[in-house]
Amino acid sequence: MTIEPAYASFTENILGSIVPGKRADYVVLDQNIMTIPAEHILSTKVLATVMDGRPVHGSV
């Protein structure tokens with residue numbers, strides 16, 4: 001969720017951006033899937049997973 005949907009749902013104080021004190025779910029990938037050729041996307045590895053602001057896989 002980005003800041004605009006968080007604002008629209010009145011949750012911008014706890015969601016919508018990655019800052020201390022807010023909840024966040026995200027993954028850290030070993031490649032930028034927005035810039036690599038499409039045929040390389042499936043070889044992308046997950047380096048870390050963060051759920052609700054807490055690392056659950058790998059390290060950040």
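**First stop: a salt bridge**

A search of the whole structure finds 1 salt bridge, a term that stands for a side-chain nitrogen of Lys or Arg within 4 Å of a carboxyl oxygen of Asp or Glu. This is a predicted model, in which local features need pLDDT of at least 70 and side-chain atom pairs count only at pLDDT 80 or more, while totals for chains, interfaces and linings use all residues. Residues are numbered from 1 along each chain as its sequence is written, and side-chain values use heavy atoms, with hydrogens and water left out.

Select Arg23 and Asp52: their side chains meet in the salt bridge, at 2.7 Å from N to O. The pair links distant parts of the chain, 29 residues apart, with Arg23 in the loop between helix H1 (3–8) and S1, and Asp52 in the loop between S2 and S3. Helices (H or I, at least four residues) and strands (E, at least two) are DSSP runs, numbered from the N terminus. Arg23 counts as partly exposed, at 45% relative accessibility; buried means under 20% relative accessible area, exposed over 50%, and partly exposed in between (1.4 Å probe, protein chains only). Asp52 is also partly exposed, with a relative accessible area of 37%.

**Second stop: the sheet**

In what order do the 3 strands of the open sheet stand? The order is S1-S2-S3, and the pairing is antiparallel. S1 and strand S3 (54–58) stand at the edges with a single partner strand each, so one side of each has no neighbour in the sheet. From one strand to the next, the twist averages 20 degrees; such angles run from 0 to 180 degrees between N-to-C directions, and the axes are lines fitted to C-alpha atoms, for helices over the stretch in contact.

Two strands pair if DSSP finds at least two bridges between them. S1 and S2 are joined by 4 bridges, and Tyr26 stands opposite Val50 in S2. S2 and S3 are likewise joined by 4 bridges, with Ala48 opposite Gly58 in S3.

Now select Thr49 in strand S2. Is Thr49 buried or exposed? Thr49 counts as buried, at 19% relative accessibility. Leaving aside neighbours within four places in sequence, Thr49 is in contact (heavy atoms within 4.5 Å) with Tyr26, Val27, Arg54, Pro55, Val56 and His57.

Return to Asp52. The hairpin of S2 and S3 has 2 residues between the strands, and there Asp52 takes a positive phi near 55 degrees, although Asp52 is not a glycine. Select Phe10 as well, in the loop between H1 and S1. The phi of Phe10 is near 60 degrees, a positive value in a residue other than glycine. Phe10 counts as exposed, at 73% relative accessibility.

**Last stop: a nonpolar patch**

Finally, select Val27, Leu29, Ile33, Met34, Ile41 and Val46, which form a nonpolar patch on the surface with about 510 Å² of accessible area together. Patches are made of residues with over 30% relative accessible area and no salt bridge: like charges are joined within 9 Å, nonpolar side chains (Val, Leu, Ile, Met, Phe, Trp, Tyr) within 5 Å. Accessible areas come from the Shrake-Rupley method with a 1.4 Å probe, and for residues only the protein chains shown count as cover. Within this group, Met34 is placed in the loop between strand S1 (26–29) and strand S2 (46–51). Met34 is exposed, with a relative accessible area of 72%.
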